[in-house]
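Reader: I have a model open and want to learn how to read it. Where do we begin?

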Amino acid sequence: MNPAVKPIPKLTRVRFPEMGVGMIDVLIVGAGPVGLTMALACRRFGVSFRLIEKLPAPSGLSKALAVWSATLEMLDVLDVSDQFLLRSIHGKGVRISQGRKTLIQVPAGFELDSPFPEMLLLPQSESEAILEEKLKGGSIERGTELVSLEQTENGVKASLRHQGADPESAEFRWIVACDGAHSTIRHLLGVEFQGAALEDVFVLCDAEIEGEIEAGFVHLYWPPRGLLAIFPVRENIWRVIGTRNPGDADSEPTLAELQSLLDDRGPGGWTLKNPVWLSKFHISERKASHYRHGRVFLAGDAAHIH
């Protein structure tokens, strides 16, 4: 922490009008990092909530990696930043290269006025585990999904489907949609997700890299043939991301394909082995025009992506 930067003041508990009496205040839909953080914030301020998640168990995939300063500042308010600092890779910065030549290197937190200038790298599965550990005593209703909603003057009526159990009708004062880029709630509200998808198809691989590579840096290569990015995931595991070559868009990615991109666009001398995840994806730039719709809020990827 930079001693010249003033620490973030701890927030006092407050009561919000009409909350805490009668029906449950908030239904949080989605138990990813955003939903779990929302649950911790509700608990901190004495707001009653239920947290539901459609998946019966955590996915265990690394997914999103970076945890930035503004996020850490909020996590510090919720008294959970210490675990993120303890369990993450503290990124040294970003290095952009061409072959073996470094073109520019930007240190993490460069001139950033924050008590948390670090660039942390932590698999999303680990972020979720930390937040869930902090939430202990606040249960996640897994295998439960919202299938319909109706707004009233004083709340929102929700129809919930439970795995292996009867459907449930319940009413809440507010609903927060933390259910991801393909948000069911956003679709039920008819909210347009304005923006577009990039034409490029991307592939990724989380694997070990055999060869000399400096730890702690995000390595970027931008030859005319396409992007190559390499992120540290955890000890001895790196994420390799690249834009696909034309003609490969429909096939499932393989370790051989990622190795080919690494050889073609990187500095050479690196060998991928023991992959733990292979995937392909598109990148979209989309945002809902409004994050509040009556008594329903859109949050995280349900509200904006990339």
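Reader: Is Asp79 buried, partly exposed or exposed?

Author: This is a predicted model. Buried means under 20% relative accessible area, exposed means over 50%, and partly exposed lies in between. Asp79 has 39% relative accessibility, so Asp79 counts as partly exposed.

Reader: What is the phi of Asp79?

Author: Start with the general idea. Most residues other than glycine have a negative phi. Asp79 is not a glycine, yet its phi is positive, near 60°. Asp79 follows helix 2. Its loop runs between helix 2 (69–77) and helix 3 (81–87).

Reader: Which loop holds Asn236, and what is its phi?

Author: Asn236 sits in the loop between strand 15 (228–234) and strand 16 (237–243). Its phi is positive, near 70°, and Asn236 is a residue other than glycine. Asn236 is exposed, because its relative accessible area is 54%.

Reader: Now helices. How do I read their buried residues?

Author: Think in turns. An α-helix has 3.6 residues a turn, so residues three or four places apart point the same way. Now take helix 2. Its buried residues are Ser69, Leu72, Leu75, Asp76 and Val77. They pack against helix 1 (33–44), strand 3 (66–67), helix 3, strand 7 (119–121) and helix 4 (124–134).

Reader: What span should helix 1 have, and how far apart are its end C-alpha atoms?

Author: Helix 1 has twelve residues, and at 1.5 Å a residue it should span 16 Å. The expected span is 1.5 Å times one less than the number of residues. The end C-alpha atoms of helix 1 are 16 Å apart, which agrees.

Reader: Which residues of helix 1 are buried, and what covers them?

Author: The buried residues are Gly35, Leu36, Thr37, Ala39, Leu40, Cys42 and Arg44. Their cover includes strand 1 (26–29), strand 2 (49–53), helix 2, helix 4 and strand 8 (140–142). Just past helix 1 comes Gly46, with a positive phi of about 70°.

Reader: On to strands. Which way do the side chains of strand 5 point?

Author: They alternate along residues 93–98. Gly93, Arg95 and Ser97 point to one face and are buried.

Reader: Which strands does strand 5 join, and in what sense?

Author: Again, the general idea comes before the case. Strands of a sheet pair through backbone hydrogen bonds, either parallel or antiparallel. Strand 5 runs antiparallel to strand 6 (residues 101–107), joined by six bridges. Strand 5 runs parallel to strand 14 (residues 217–221), joined by five bridges. Val94 has Val106 of strand 6 as its bridge partner. Ile96 stands opposite Leu220 in strand 14. The hairpin of strand 5 and strand 6 has two residues between the strands, and there Gly99 takes a positive phi near 60°.

Reader: In what order do the strands of the three-stranded sheet stand?

Author: The order is 3-7-4, the sheet is open and the pairing is antiparallel. Strand 3 and strand 4 (89–91) are at the edges with a single partner strand each, so one side of each has no neighbour in the sheet. Two bridges pair strand 3 with strand 7. Ala66 has Leu121 in strand 7 as its bridge partner.

Methods
Residues numbered from 1 in each chain as written. Predicted model: local features only at pLDDT ≥ 70, side-chain atom pairs only at ≥ 80, totals over all residues. Heavy atoms only, no water. Buried < 20%, exposed > 50% of the residue type's maximum accessible area, 1.4 Å probe, protein only. Helix = DSSP H or I, 4+ residues; strand = E, 2+ residues; numbered from the N terminus. Pairing = 2+ DSSP bridges. Contact = heavy atoms within 4.5 Å.
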